[in-house]
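Here is a short tour of a protein model, written for someone who is new to reading structures. Keep the picture open while you read.

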Amino acid sequence: FNNCTGLESIEIPSSVTNIGSYAFYNCTGLENVEIQYGLTSIGAVAFGQCSNIKNITIPESVTNIENSVFGYCTSLKNIELPNSVTTIPQKIFYCCYELSDVKIGNKVTSIENDAFVGCKNLQMIIPQSVTHIRRGAFGACSQAKLVVLHKMSIDGTIIPRTAHIYVPTTEIKDYYTSYSDSVKYIFTEDATTTATTLSLKI
């Protein structure tokens, strides 16, 4: 279906287990995507440059999402990734300029390079399962608000100076020493309270 610019709606039935790479690439008229439980894998750039998609739900049956799946989905506003997904791949939401509300599952262990580049108003909770954030993961997320529930490894300077990151007070010293020059930190002991203030769900 790539480059089918007149396609406006699609339903993926439960009999489909894999969406291949570039399957709906540049379907600029596509607004509604309904995916039934049964899908297990979404290939690279599958929905790349589908600039009219605003919301999409990924079922719990999905275990594998490849790189750049939603790159340049410039109207995408919110998304929830299921607990079955363990890695947020490279450039998955690259230049999704309107994306603000993201919920990732509690089994994700890493957020890969450039995953959220350009998502300037991103608000999300980074769950305790995440142990690594790779270089550039939040590049150009100028107004991002990130709630971190624990200490983790961060590769390089990956958060803009104008962003806000909320971390447990027990980890203040480590974060301040390592990253205070690259981001404006707001420290909090109660992540639940912070998440509620930002209207995020833990």
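## Getting started

Helices and strands here are DSSP runs numbered from the N terminus, where a helix is H or I with at least four residues and a strand is E with at least two. Counted that way, the protein has two helices and 16 strands.

A quick word on the ground rules: this is a predicted model, in which local features need pLDDT of at least 70 and side-chain atom pairs count only at pLDDT 80 or more, while totals for chains, interfaces and linings use all residues. Residues are numbered from 1 along each chain as its sequence is written, and side-chain values use heavy atoms, with hydrogens and water left out.

## The protein overall

Let's sort residues by how covered they are: buried means under 20% relative accessible area, exposed means over 50%, and partly exposed is in between (1.4 Å probe, protein chains only). Of the 202 residues in the protein, 51% are buried. The exposed surface comes to about 9300 Å², and carbon and sulfur atoms supply 45% of that. Those areas come from the Shrake-Rupley method with a 1.4 Å probe; for residues, only the protein chains shown count as cover.

## Zooming in on Ile104

Find Ile104 in the loop between β9 (101-103) and β10 (110-111). Is Ile104 buried or exposed? Ile104 counts as buried, because its relative accessibility is 6%.

Setting aside neighbours within four places in sequence, Ile104 is in contact with Leu81, Ile88, Ile111, Met124, Ile125, Pro127 and Val130.

## Strands side by side

Two strands pair if DSSP finds at least two bridges between them. β9 does this with β11 (residues 123-126), in the parallel sense and over two bridges. Asp101 has Gln123 as its bridge partner in β11.

β11 also pairs with β13 (residues 145-148), again in the parallel sense, over four bridges. Here Met124, one of the contacts of Ile104, stands opposite Leu146 in β13.

## Two salt bridges

Side chains of opposite charge can pair when their charged atoms come close. We call it a salt bridge when a side-chain nitrogen of Lys or Arg is within 4 Å of a carboxyl oxygen of Asp or Glu. How many salt bridges does the structure hold? There are two.

One of them joins the side chains of Lys77 and Glu98, at 3.9 Å from N to O. This pair links distant parts of the chain, 21 residues apart: Lys77 is in the loop between β6 (64-65) and β7 (78-80), and Glu98 is in the loop between β8 (87-88) and β9. Lys77 is partly exposed at 39%, and Glu98 is partly exposed too, at 40%.

Arg134 and Glu112 form a salt bridge as well, with their closest N and O atoms 3.7 Å apart. Arg134 is in the loop between β12 (132-133) and β13, and Glu112 is in the loop between β10 and β11, so this pair ties together parts 22 residues apart in sequence. Arg134 is partly exposed at 25%, whereas Glu112 counts as buried at 16%.

## Two tyrosines to look at

Most residues other than glycine have a negative phi. Tyr22, in the loop between β2 (18-19) and β3 (32-35), has a positive phi near 65°. Tyr72, in the loop between β6 and β7, has a positive phi near 60°. Tyr22 is partly exposed at 42%, and Tyr72 is partly exposed at 38%.

Note on methods: Contact = heavy atoms within 4.5 Å.
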